[in-house]
Amino acid sequence: MKRSLREIAEAVGARLQGDGEICIAGVASIAKASLDDLVFVDAAKFLAPALRSNAGAVIAGEFAEASNAKPLLISPHPKLAFIRAAGLLRDKNKDGMVASTHPSASVHPSAKIAAGVVIEEQAVIAENVEIGECSRIGAGCVIARGVKIGRECEIYPRVTIYARTTLADRVIVHAGAVLGSDGFGYLRDPSTGAYEKFPQIGRLVIEDDVEIGANTTIDRGALEETRIGRGTKLDNLVHVGHNVRIGRNVVIAAQTGISGSAVIENDAVLGGQVGIADHVRVEEGVIVGAQAGVPSHKILRGKGVVFWGTPARPIQQYLKQLAALGRLDRKS
Amino acid sequence: MKRSLREIAEAVGARLQGDGEICIAGVASIAKASLDDLVFVDAAKFLAPALRSNAGAVIAGEFAEASNAKPLLISPHPKLAFIRAAGLLRDKNKDGMVASTHPSASVHPSAKIAAGVVIEEQAVIAENVEIGECSRIGAGCVIARGVKIGRECEIYPRVTIYARTTLADRVIVHAGAVLGSDGFGYLRDPSTGAYEKFPQIGRLVIEDDVEIGANTTIDRGALEETRIGRGTKLDNLVHVGHNVRIGRNVVIAAQTGISGSAVIENDAVLGGQVGIADHVRVEEGVIVGAQAGVPSHKILRGKGVVFWGTPARPIQQYLKQLAALGRLDRKS
Amino acid sequence: MKRSLREIAEAVGARLQGDGEICIAGVASIAKASLDDLVFVDAAKFLAPALRSNAGAVIAGEFAEASNAKPLLISPHPKLAFIRAAGLLRDKNKDGMVASTHPSASVHPSAKIAAGVVIEEQAVIAENVEIGECSRIGAGCVIARGVKIGRECEIYPRVTIYARTTLADRVIVHAGAVLGSDGFGYLRDPSTGAYEKFPQIGRLVIEDDVEIGANTTIDRGALEETRIGRGTKLDNLVHVGHNVRIGRNVVIAAQTGISGSAVIENDAVLGGQVGIADHVRVEEGVIVGAQAGVPSHKILRGKGVVFWGTPARPIQQYLKQLAALGRLDRKS
């Protein structure tokens, strides 16, 4: 649904300059914008191209001055204001969503489905599953017995959620992700050499506002639990092992792997393809660079401290070592 | 359907030596070949074993001389001739394919399904999807609203294609792949510390003759597009982030990850487990060795130049550094 | 079903101290145990907490002495005894499993389904598939034509198995895994620059007691076969290329990739995110540390020898090089 620019300005806390009555239908990039789109610029050098674009209005930082070309929304955080405007315009569309269960879905009669829930084609909802208000279960998802999903969750197609998994509210899970699979724990029988499987009967708890990328896998606890904290974001093809605890507002880029019983504290950032071995502790606010590897039982400390390399060390130290290696090469 | 050796020779442009009337039904390895199989040898030392095998005929290079043992097809590119012979024998089998939609599939009435299309069990085809002639949609696939798929595409089972994705002709997508998922883009709200999601509403365009491996994930653009160029091949478990542009005839081995807004130009080759950070440019014909890591905004240049290591450097330089490090170790 | 402690002691070969008549229903961690749970301790320091817990009984090593607090099961391998007790209690539950095919599944009439098989919702079983006694096919799985699955296999939801794949007995496959997909093999046409696909028409053979993690992908052979040996365990998001041969009782941690035609011999252990290039041979009992990379055609030798780094070298050598690099940094 369209909104007037004035409504958007109020909702995102921006200062309106120009005609507030124009109608905005969506957000876009400067290159692709149409007349009813909103665009944003977070640096002065992009303002002129934005004003020359087809966009209906521009969100800009305090650097912008009133222009005859287009109405402006001035905000100290233009990108954040743009994100919120996008959410506002999208939410209105959601009002059109009508609760439904596609007839091709298999929903067990014991499942508790709240008001406003959409269950798409071929989805499978097993016994005693609970799904909260206004959540959507994508086509082809398989939700195993007893799983609890909160309200306003968005589960994209073909996600599998094993038993003993709980999702809180507003969790987003992308296609192909697997939540709550068995951890990788075996003990070798000394007499036969065969690996015997340790029980993998714990839980997986996903807190509010977590987003999980496509084809990511998260194992449940062996005897206790794996937990992903509130607001944490995982990219595609990430692996999280059993008994791992991840704090709040952690960011984990694609293809990173976290081994069993590791702890990642609040506000940590892990780049892509990082490897975290078992029982590692990444403390609050630590940043681990792409492809770094953190060996078993190691602790990384320091808010905002960046680690890189395998084995991971503070980045200044690592860069000095790389430089020394470069000099050595030239000498020899 | 079987073909005579003479027909095959003509189709693949090889010189026939011996009986052209024998019937060939398929291709095989030297070890496993049956009487109606064709095998190939691309080095003189493999010719004798091939002639001793059960195969009906042998494709060989110019090095081969006429033999009484078996008929030969002589080609300057014996492996390529073998590939084409295999395609020829396979295509004949395809003639048997009859258009059908399995009754367990869920196909929205607004979808436009061309002649010759096969839609397998439990597949989900949403509103306004378009599928071109002779394409196959595997069992359990989920094709979201408005997706366009060209002709002669082969979509293996359980692929998910999000809205705003377009596939051109003869695209092959292996099982479990996810195309068009949301990119990984957030902005931190300075007042709450929460990550707010940047709109991920762009497109994904896959050009002709692309092949995409099992469980690979490709994100759509945030506001604009992600694009995979004609003839490019992606192996299994590859990750491609939002706004990435990949050129034509690029080869990307398994488990490689490409971050947002990177550009991979035509004819580049990326080994397995390579990490490409955001905004990197890999220029035309560059080769990146397995597990190499290319830091943000870096540009790699030079047709046929090989880069290795993290951070990626020209391979000669990297190997010299490794050698220097080895000497250092022995001295100390 | 519950078991008396005496029954468990006999079944797992442990020495009972105390009341053997108490009933045990399951296994748990010390922190989470209830009165009818069994816990274990494999070091003397954990015995006191275990005796103070709510558990009904404790499995302990020879270090434990009789206690009035709780009955004990004494075993030379307490963790192994615990695993077996867990299996015993779980197996009894399995007796409740009744053969069934959910009406929403699509099972081709030519498929041979043995006694005791469970086929869950929306699963697809194609022509001429054979499934052995007491195996379970999870919801949304796609089993292609002619695939053979042995007895007592557990195939979790949304697994895809391509044609020409055979699973022996007691194989466990986690959700989203793809077995038997096409290998990654192309040849460049020198006249057009296009990559032509080499035939990928071989087989995939999975032997007894193999476990395969969530979203792992295993390609079939090009012309011959890919084989995973008896008792081998693969974690999540592992990639195995075409023509790879993996021996018995091999352990492969998450996100490791094995390129075409590599050989991994019996009892080898590969850490997480390891990269094995094509035609590598990892000999019997070799251990490769996390994130290590083994270049093409290299051979790693020595039972129990640990390799690390890229290119992989014996760990002592690698650690000495890292130490030398650290000193160099401090000098400069």
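Guide: Helices (H or I, at least four residues) and strands (E, at least two) are DSSP runs, numbered from the N terminus. This is a predicted model, in which local features need pLDDT of at least 70, side-chain atom pairs count only at pLDDT 80 or more, and totals for chains, interfaces and linings use all residues. Residues are numbered from 1 along each chain as its sequence is written, chains are lettered from A and ligands numbered from 1 in the order in which they are written, and side-chain values use heavy atoms, with hydrogens and water left out.

Visitor: How many strands are there in chain A?
Guide: Chain A has 4 helices. Its count of strands is 41.

Visitor: What share of the residues of chain A is buried?
Guide: Buried means under 20% relative accessible area, with a 1.4 Å probe and protein chains only. Chain A has 332 residues, and the buried share is 58%.

Visitor: Where do the buried residues of α1(C) lie on the helix?
Guide: Helix α1 of chain C covers residues 5-12, and its buried residues are Leu5(C), Ile8(C), Ala9(C) and Val12(C). Seen down the axis, they fall within an arc of 100° (taken from the directions from the helix axis to the C-beta atoms), so they line one face of the helix.

Notes: Buried means under 20% relative accessible area, exposed over 50%, partly exposed in between (1.4 Å probe, protein chains only).
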